[in-house]
Amino acid sequence: MKRQVSFFNVQALTSCISMTLVLVLLGAVTFFVLTAHSLSKQVRENIAITLLLSDDVTKSELENIQKSLNSKRYVKQIDYISKDKALLEMTFDMGTDPSEFIGHNPFSASLEVGLKAEFANPDSIKWIAKDLQKTPKVMDMLYQQEWVDTINTMIEKISIVLLILATLLTLVSFALINNTLRLSVYSKRFSIHTMKLVGASWSFIRRPFLLKSMSLGFIAGLAADCILTLGIVVLLNQEPDLMELISPETLIIVGSVVMIFGLLITLICAFVSVNRFLNMRAQDLYTA
């Protein structure tokens with residue numbers, strides 16, 4: 001009897017380790033997908049449209065313009081850049097003061113209109129640009145259309161690759177965990193048949209297998225979450241700037257996905273595996 005218990009413990013430990021590794025991979029892909037989404041949102045929100053203001057704009061007119069722009073649903077933030085600030089920035093970039101050669105400040109005051117992430121795409125920017133052109137006291141408008149197109153194309157490609165990777169890994173995870181639990185149930189196939197012979201109901205036979213599998217799934221999910229948390233801590237220690245992309249919501253979602261997937265997949269796989277042997281005839285058990 002001791003030998004059977006020991007064997008089962010070793011088998012359970014092996015199954016738990018296998019499931020933990022699979023869940024770590026799944027959690028890592030989920031983490032990278034969410035982080036990539038945060039990165040794309042941050043990049044999109046860095047896209048801005050510059051409105052060059054006429055030199056005769058008054059302070060009250062400027063306040064009205066800013067108030068009007070802030071009320072628009074696509075505007076995330078507005079930064080005012082005065083003529084003097086524009087000159088200082090250009091002097092710093094060029095290493096020389098342009099006004100010394102020209103004799104006056106050649107730059108105009110401007111408003112940097114930052115867009116919300118969901119509006120920072122080529123189609124939206126086209127109608128946004130037309131809308132902003134109606135703003136009073138605006139002489140010209142600048143934005144880099146090619147840069148916007150490049151960013152959106154890159155984000156779309158990365159999203160498709162991560163989605164395909166996540167789908168493939170989910171299928172592989174299901175197959176690996178299913179095989180692991182199937183082997184565990186396989187070793188008990190004669191016990192299952194014996195319980196059938198004494199009149200036990202299928203639900204009664206399934207229950208211990210389902211509970212055991214879910215407990216293994218819970219332990220594996222918990223272990224995977226601990227490993228992923230440790231990995232994220234190490235990553236943040238190496239690259240503190242990533243803290244801007246990793247929100248508490250991201251960590252909660254990753255932990256929840258790993259735990260829910262661990263419980264759900266083990267429950268489904270155990271149910272399918274037990275049913276397979278419940279439907280078998282006695283002579284088929286020797287060739288299964």
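Me: How many salt bridges does a search of the whole structure find?
Reply: This is a predicted model, in which local features need pLDDT of at least 70, side-chain atom pairs count only at pLDDT 80 or more, and totals for chains, interfaces and linings use all residues. Residues are numbered from 1 along each chain as its sequence is written, and side-chain values use heavy atoms, with hydrogens and water left out. A salt bridge is taken here as a side-chain nitrogen of Lys or Arg within 4 Å of a carboxyl oxygen of Asp or Glu. Searched in this way, the whole structure holds salt bridges to the number of three.

Me: Which residue meets Asp55 in a salt bridge, and how many residues apart in sequence are the parts that the pair ties together?
Reply: The side chain of Asp55 meets that of Lys83, at 3.7 Å from N to O. Helices (H or I, at least four residues) and strands (E, at least two) are DSSP runs, numbered from the N terminus.

Me: Is Asp55 buried or exposed?
Reply: A residue is called buried under 20% relative accessible area, exposed over 50%, and partly exposed in between (1.4 Å probe, protein chains only). Because the relative accessibility of Asp55 is 58%, Asp55 counts as exposed.

Me: Where does Lys137, the residue that meets Asp56 in a salt bridge, lie in the chain?
Reply: The side chains of Asp56 and Lys137 meet at 3.4 Å, N to O. This pair links distant parts of the chain, 81 residues apart, with Asp56 in the loop between S1 and H2 and Lys137 in the loop between helix H5 (122-132) and strand S4 (138-142).

Me: What is the relative accessible area of Lys72, which meets Asp131 in a salt bridge?
Reply: Asp131 and Lys72 meet through their side chains at 3.2 Å, N to O. The pair links distant parts of the chain, Asp131 being in helix H5 and Lys72 in the loop between H2 and strand S2 (75-81), 59 residues apart. Lys72 is partly exposed, because its relative accessible area is 22%.

Me: Why do the buried residues of H2 line one face of the helix?
Reply: In H2, Leu62, Ile65 and Leu69 are buried. An α-helix has 3.6 residues a turn, so residues three or four places apart point the same way. Seen down the axis of H2, with the arc taken from the directions from the helix axis to the C-beta atoms, the buried residues line one face because they fall within an arc of 60°.
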